[in-house]
Amino acid sequence: MLDSVEANNFEALPLLSLNHVSLLCRSVWDSVRFYEDVFGFVSIKLPSSFKFNGAWLYNYGIGIHLIENPSIDDFDTIVEPRPINPKDNHISFQCTDVGLVMRRLQDMGMKVDQVFFHDPDGYMVELCNCENIPIIPLSSCSFKQRLSSFYKSAPAKCGFMENAMMESLSMEMLNISF
């Protein structure tokens, strides 16, 4: 495993986006219906080389791969969904209107806690409108530089983009507070 010093010596991988999430499920049929009916995913053809009971779904530029595992009942967290905990493993989907989505889910008879709920196999799902949360990369500032600037209240030796984003965030916070 690479430590942080070694990892910083390598160029970032040429990744584009998240491609898919793969989930084990007790019933492919139940899970397909859930992701199609609730989220609007569409079933797509599995590659012919796959010799297992499963389904691939696609929409919004991402895929969900469902793989049937009849012995999934061996996993307690799937049989008995854990309480909703935003700090636990979950899948999150961006939406435009959280309130509307919550009302529609409740109309479907789903128990929704904040914007978290469970799929048929107990996986936690979140819906969010994260466009209002600024994305501020910290990667170009070393951890040591960030800590020293935090404790000494001196400006960190970050790149132009990080400083511009922090200035923009500060102005947005001032606008919100008045």
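The answer below starts with the salt bridge and then turns to helix ends and aromatic rings.

Analyst: Note at the outset that this is a predicted model. A search of the whole structure finds one salt bridge. The side chains that meet in it belong to Asp30 and Arg33, at 3.5 Å from N to O. That value counts as a salt bridge because the cut-off is 4 Å. Both residues sit in helix H2, which spans residues 28-39. They are three residues apart, about one turn of the helix.

Now the exposure of the two partners. Asp30 has 36% relative accessibility, so Asp30 counts as partly exposed. Arg33 is at 38%, and is partly exposed too.

Aromatic residues come next. Phe34, Tyr35 and Phe39 are among the members of one aromatic cluster. Phe41, Tyr60, Phe93 and Phe117 also belong to that cluster.

Across the whole structure, the search finds 10 aromatic pairs. One of them joins Phe50 and Phe52. Their ring centres lie 5.3 Å apart, with 25° between the planes. The pair counts as stacked because the angle is under 30 degrees. Phe50 is partly exposed at 34% relative accessibility. Phe52 is partly exposed as well, with a relative accessible area of 35%.

For another helix, look at H4, residues 98-107. Asp97 caps the N-terminal end of H4. A side-chain oxygen of Asp97 lies 3.2 Å from the backbone nitrogen of Gly99. Gly109 follows H4, with a positive phi near 85°.

Key
Residues are numbered from 1 along each chain as its sequence is written. This is a predicted model: local features need pLDDT of at least 70, side-chain atom pairs count only at pLDDT 80 or more; totals for chains, interfaces and linings use all residues. Side-chain values use heavy atoms; hydrogens and water are left out. Rings of Phe, Tyr and Trp (its six-membered ring) pair if their centres lie within 6.5 Å; planes under 30 degrees apart count as stacked, over 60 as edge-to-face and the rest as tilted. Buried means under 20% relative accessible area, exposed over 50%, partly exposed in between (1.4 Å probe, protein chains only). A polar contact is a pair of N or O atoms within 3.5 Å; within protein, one must be able to donate a hydrogen and the other to accept it, and residues adjacent in sequence count only if both atoms are side-chain atoms. Helices (H or I, at least four residues) and strands (E, at least two) are DSSP runs, numbered from the N terminus.
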